[in-house]
Amino acid sequence: MENLAAKYTHIKGWGIDADPSNDPTYPLKYHMPTEHDGYNWERPVQQSQDVEVLQSIERPSLPAVFGTSVAPQGLSGQIRRYAFKYSESHYGHWLPLLLADRVNMVEGLVDDLKQGHIPNIFAEKGWKAEWKYNPVGLVTKVATTVLITTAIFAFVTRKKDKR
Amino acid sequence: MLAMNYRGPRRVRVDQKPYPEIKHPEDAIVRVTRSCICGSDLHLYNGNVPDTRVGSTFGHEFVGIIEEVGPAVEKVKVGDHVLVPFNVACGKCIFCQQGLFGNCHESNAQATAVGGIFGYSHTAGGYDGGQAEYVRVPYANFGPTIIPPDMDPDDAVLLTDVFPTGYQAAEMGGIQPGDTVVIFGAGPVGIMAAKSSWLFGAGRVIVIDEVNYRLEFVRDYAQCEVYNFREMDDPVVFIKKLTDWLGADVCIDAVGAEATGNALQTITGRKTLLQAGSATVLHWAINSVRKGGTVSVVGVYGPTDNLVPIGNVVNKGITLRANQTAVKRHLPKLIDHIQSGRVSPKAIITHRVPLEEIADAYHIFSEKLDNCIKTVLIPPSAGM
């Protein structure tokens, strides 16, 4: 504080009401002498990049360590690359990412079929557990879906007959 | 190895995936002995977190045995049984130096607002998670903590997120002796927040939820008052009446984006994703807390926008506090609370499920079937 005061002697009253105990971040955050030094810490060794990693435009470089679980690919990957042209503060970032997630779901189904794997969607959705613990709910859900589908089909078919 | 495989909203399965590789000198490979499904995993499961890629493995609550270490790892060794905080944190950046281990700046390429989190989408760094037989753990000199020999792994796995998050929720409330604390949500984090509120000297602890079996559990486990918001006209008025018409000193949001209880919030936040999850609980918390009170938020929301009464935050002079939990900071104290018998986190575990049955486990947890509170997944290679 005293060191800082010497730096701001040209500003009348600088720091006169400063109260170190007025800290709403206590006890989450420790105050460090280096906290105003900027992007200047001793960085860990940099992980080498062997897959495509999309990077937020709000940072100057990759972090020292990053995840490599699923690289962007296909149409969803193209959408994700587009999204990363925008900052985290922009809908242009998040809405394309949500769209890419939905496209990616379809790509996942196609990939399964390409590999000769027909996904058991009922098992993936945990319907066995639903049947075990909530059979009435499951029957109601299935009956409702069948009814709505039948109603829509009947409606569409009736329109076609009129033509 | 076997690992959970996300296929799209509400569709998961277990598949064979490649054994993880050491990618950095400070990496370790951990053989998972226990992992959990967290309430916040449901945001991913429901497809509400942007950049959740098909093929990802979830799971940010896990313990396991070190199988392999990178050349720069010195603090743990092969064979150690460790608990792994859900934060991927370097321990060196300015935020880690300040104790903000949930805000590490050296672990997430895709976003600056949040640090890396295991198995929590590419928005949280793109790391595979612990709902698998093996997992890559970066910064093994900093994150993994050796489980004390006398500690049950079931207690240890709840030290990776749930107990510290409930504890930090209470801590951020700035609870003063005698304060009335209202916790929204009787899920695992809400339960631990209720238990922790007493540790900070609360005078009264009230939990609000809509699921009766969970309310009954937390009433017995945390000796608190419980109320079902489905049985009241207006939760805010109800809480005002309970608190001499002044409001609670501290309100805790332990629900986040999946909240029910308000049709508009549900439609815009959960069904159509026009906002970053339903902000019903945050709305209730802001309006139920007394003037000059504190709202502590640990419920997870998406990265875009939410409908919240920010005007009332100003009008009432509320202090709003929130963060991803800095797990590592809390461990010494919380390990002591467990070892001294003050808190038994493992008591909230209701389901132990083989990893191979993960789809059913997610469905049971998500739909609150079979009186489920907390699910632990046990991989076939756990060996214990």
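B:Cys224 is buried, with a relative accessible area of 8%. In this predicted model, the nearest cysteine sulfur to that of B:Cys224 belongs to B:Cys251 and lies 14 Å away, and B:Cys224 is in no disulfide.

**Cysteines**

- The count of disulfides over all chains is zero.
- B:Cys104 is in no disulfide either, although the sulfur of B:Cys90, its nearest cysteine sulfur, is 3.7 Å away.
- B:Cys104 counts as buried, at 3% relative accessibility.

**Helix packing in chain B**

- Two packed helices are described by the angle and the distance between their axes.
- Helix H4 (residues 162-172) and helix H5 (residues 188-199) of chain B have axes that come within 7 Å and cross at roughly 50°.
- H4(B) and H5(B) are therefore oblique to each other, and their crossing is right-handed.
- On the H4(B) side the contact is made by B:Val162, B:Phe163, B:Thr165, B:Gly166, B:Tyr167, B:Ala169 and B:Ala170.
- On the H5(B) side the contact is made by B:Pro188, B:Val189, B:Met192, B:Ala193, B:Ser196, B:Ser197 and B:Leu199.
- The residues of this contact between H4(B) and H5(B) comprise ten nonpolar, four polar and no charged.
- H5(B) also packs with helix H6 (residues 212-222) of chain B; the axes come within 10 Å and cross at roughly 25°.
- At that angle H5(B) and H6(B) are roughly parallel to each other, and H5(B) passes H6(B) in a right-handed crossing.
- From H5(B), the residues B:Ile191, B:Met192, B:Ala194, B:Lys195 and B:Trp198 meet B:Phe217, B:Val218, B:Tyr221 and B:Ala222 of H6(B).
- The contact of H5(B) with H6(B) has eight nonpolar residues, no polar and one charged.
- B:Met192 takes part in the contact with H4(B) and in the contact with H6(B).

**Helix packing in chain A**

- The axes of helix H2 (residues 74-83) and helix H3 (residues 91-114) of chain A come within 8 Å and cross at roughly 170°.
- H2(A) and H3(A) are therefore roughly antiparallel to each other.
- H2(A) contributes A:Gly74, A:Leu75, A:Ser76, A:Ile79, A:Arg80, A:Tyr82 and A:Ala83 to the contact.
- H3(A) contributes A:Gly92, A:His93, A:Pro96, A:Leu97, A:Leu99, A:Ala100, A:Asp101, A:Val103, A:Asn104 and A:Glu107.
- The contact of H2(A) with H3(A) divides into nine nonpolar, five polar and three charged residues.

**Helix H12 of chain B and what follows**

- Helix H12 (residues 358-367) of chain B is mostly covered, with nine of its ten residues buried.
- The buried residues of H12(B) are B:Ile358, B:Ala359, B:Asp360, B:Ala361, B:Tyr362, B:His363, B:Ile364, B:Phe365 and B:Ser366.
- B:Asn371, in the loop between H12 and strand E17 (374-378) of chain B, has a positive phi near 55° and is not a glycine.
- B:Asn371 is partly exposed, with a relative accessible area of 48%.

- B:Ala248 lies in strand E13 (residues 248-253) of chain B and counts as buried, at 0% relative accessibility.
- Leaving aside residues up to four places away in sequence, B:Ala248 touches B:Thr180, B:Val182, B:Ile239, B:Thr243, B:Ser288, B:Val289 and B:Arg290.
- The C-alpha atoms of B:Ala248 and B:Ala382 are separated by 45 Å, and the two residues are 134 residues apart along the chain.
- B:Ser40 sits in the loop between strand E3 (28-37) and helix H1 (41-45) of chain B.
- B:Ser40 counts as buried at 11% relative accessibility because the cut-off is under 20%.
- Beyond residues up to four places away in sequence, B:Ser40 touches B:His60, B:Tyr120 and B:Val300.

**Other backbone features**

- B:Tyr139 is not a glycine, yet has a positive phi of about 50°.
- B:Tyr139 lies in the loop between strand E8 (134-137) and strand E9 (145-146) of chain B and counts as buried, at 0% relative accessibility.
- In chain A, a cis peptide bond joins A:Tyr26 and A:Pro27, with omega about 0°.
- A:Pro27 is found in the loop between helix H1 (2-7) and H2 of chain A.

Notes:
Residues numbered from 1 in each chain as written. Chains lettered and ligands numbered in written order. Predicted model: local features only at pLDDT ≥ 70, side-chain atom pairs only at ≥ 80, totals over all residues. Heavy atoms only, no water. Disulfide = S-S within 2.5 Å. Buried < 20%, exposed > 50% of the residue type's maximum accessible area, 1.4 Å probe, protein only. Axes fitted to C-alpha atoms, helices over the stretch in contact; angles between N-to-C directions. Helix = DSSP H or I, 4+ residues; strand = E, 2+ residues; numbered from the N terminus. Parallel < 35°, antiparallel > 145°, perpendicular 65-115°, else oblique. Left-handed = near helix turned anticlockwise from the far one by under 90°. Contact = heavy atoms within 4.5 Å. Nonpolar A, V, L, I, M, F, W, Y, C, P; charged D, E, K, R; others polar.
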